[in-house]
Amino acid sequence: GVVRNLPAVIGLDKDLTKQSTEIKSRILKNVDMIEFMRIAPKFSPTSNPDLVSFFRDFLKLKKSHQNDRQGGAWHPSGGEQSAPSYSVDENALSQFKHPVAELVLQMRTVQKNHGYVTPLMVGGKYVHADGLIHASYSNSVTVSGRLACEDPNQHNYPRRAHKEVRRVVGCPPGHKFAAFDYGQLEWRIGAMLSGDKTMGQEIRDGQDIHGDWTDSIGGKFVPNRVNENRKNVRDAIKMFWTCANLYGNLLEGLAWDLSNEFGVDISPRALEPFFTAFWRRYSALGKYQEGLIEKYWQSGYVETATGQRRHEPMARNECINHPFQGTAGHLVINAQERLSLAAYEQDRPSLQPIMNIHDDLSFYLPNTTLEQDVWDIARYMCTCPFEFVGDVPLMVEVSVGDNWADKDEIGKFSTGDFT
């Protein structure tokens, strides 16, 4: 279990309650809303039917088609035919140029964050008799083989924007919260499984692959944003370009997602030179993906390097995604198991992971043994018994602090440090 930081929980509850009240007041004081409530006095900003009545029937705002995905499972976007309905979801509201739409989005964010805090109050449903938070993990829920987490789902707690919510998890006295995050794990898995020599060499050289594409694609389409906040652009390029290509997204889907993310029109034709360069650079990865699709059509399943199969039906992206994501999940679980066994056999509770957040394992480390514990945990995580790893090194980034949110990076370790 993890330690609940009660002062942070109480403080966040008060702050989020205040924010919610203030946002609701601003919505109800909007000029258009005041006029609308003369005919709909029971309007609630949390009611989707009420929001549809306001935006569609009263303001006559047209439904945005920008986020409608067309086509079936094998369409380049990987999406399904969207229903012809009037939506007030996040994508739709972000297209409405009206202050109430922006305020509703803010309120939804506050309410979502409040949902992480309320169950941790005194008597909350996620606080056990020992005062700790005991989340439940399972690898039989997700089709990918990754661990699922519930009660509470710690995987969903905000990581960057609004990361203060993570302060609800604190530390025992005399300990530090230490997070060990596998760096670029799925990209490394891609190099391992495909045998792509370029990918492997770039990883061994310590090259920032996501940064390379940030400078080329970001420099072409959003140069000002790169100059203002390169890290945010890099995060977007990692998600919607590098990893999206790894998972088999096609040109039209990539252009679509990058356009939505950056708020600029990036056509498939404009993006095509980068797409061609990517697959020329990583040709073995492309051939491996083609082999996965061919195997799926022949046998009706794909599998991870550890042998977990996923059977049809699957979308094109799912066929390619499963071997990478599932293998990565099993590698993390294997490290967690070996560390848990070491904690038992060596009578060192500090080696027992307390949380698993995708590619991240977290620990409570005593101040007196911090340096040795960091070294030993990194060694277990960077040295892996699976033969498929080959000569592709693993890497972990270590951050330490007084709670889950407020941590500082203290170093990086790779396989070469221990061999």
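Helices here are DSSP runs of type H or I with at least four residues, numbered from the N terminus. By that numbering, L93 is found in helix α4, residues 90-95. The model is predicted, and every stop below refers to that prediction.

**Whole chain**

Start with everything shown. The secondary structure of the protein comes to 15 helices and 11 strands. Along the principal axes, the C-alpha atoms fill a box of roughly 70 × 55 × 45 Å. A compact globule with 419 residues would have a radius of gyration near 22 Å, and the 24 Å of the protein agrees with this.

Buried residues make up 49% of the 419 residues. Among contacts with a separation of 6 or more, 63% are between residues 24 or more positions apart.

Colour by charge next. There are 46 positive and 52 negative charges, and their mean positions are 5 Å apart.

**Stop 1**

Select L93. Is L93 buried or exposed? Its relative accessibility is 2%, and buried means under 20%, so L93 counts as buried. Show its surroundings: leaving aside neighbours within four places in sequence, L93 is in contact with F55, V88, A101, V104, L105 and R108.

Now draw a distance from L93 to G326. The two are 233 residues apart in sequence, and their C-alpha atoms are 34 Å apart in space.

**Stop 2**

In soluble globular proteins, nonpolar side chains tend to be buried together. To see this here, select F180, Y182, I189, W241, L271 and M381. These residues have the most contacts inside the largest nonpolar core, which has 72 residues. Which helix gives the most to this core? Helix α14 does, with 10 residues.

A second, separate core has 42 residues, and V2, V52, F55 and Y364 are included in it.

Go back to the largest core and centre on L271. Apart from residues within four places in sequence, L271 is in contact with F221, W241, L251, L254, A255, L258 and I266. Among them, W241 is also listed with the residues that have the most contacts inside the largest core.

**Stop 1: H330 in α14**

Select α14, residues 316-345, and find H330 in it. H330 has 15% relative accessibility and therefore counts as buried.

**Stop 2: E186 in α6**

Helix α6 covers residues 185-194, and E186 is found there. E186 is buried because its relative accessible area is 10%. Not counting residues up to four places away in sequence, E186 touches R146, L246, Y247, F324, Q325, A328 and D359.

For scale, draw a distance from E186 to G115. They are 71 residues apart along the chain, with C-alpha atoms separated by 30 Å.

**Stop 3: backbone exceptions**

Most residues other than glycine have a negative phi, and most peptide bonds are trans.

Select D151 and P152. A cis peptide bond joins them, with omega about 0 degrees. P152 lies in the loop between β4 (148-150) and β5 (175-182), and D151 is in the loop between β4 and β5. D151 also has a positive phi of about 55 degrees although it is not a glycine. With 39% relative accessibility, D151 counts as partly exposed.

Move along to H162, which is found in the loop between β4 and β5. What is the phi of H162? The angle is near 65 degrees, a positive value in a residue other than glycine. H162 is partly exposed, with a relative accessible area of 37%.

End with E312 and P313. These two are joined by a cis peptide bond, with omega about 0 degrees. P313 sits in the loop between β7 (309-311) and α14, the helix that holds H330.

How values were computed
Residues numbered from 1 in each chain as written. Predicted model: local features only at pLDDT ≥ 70, side-chain atom pairs only at ≥ 80, totals over all residues. Heavy atoms only, no water. Helix = DSSP H or I, 4+ residues; strand = E, 2+ residues; numbered from the N terminus. Buried < 20%, exposed > 50% of the residue type's maximum accessible area, 1.4 Å probe, protein only. Core = buried A, V, L, I, M, F, W, Y, C linked by side-chain atoms within 4.5 Å. Contact = heavy atoms within 4.5 Å. Rg over C-alpha atoms; globule rule 2.2 N^0.38 Å. Lys, Arg positive; Asp, Glu negative; His and termini not counted. Charge placed at Lys NZ, Arg CZ, Asp CG, Glu CD.
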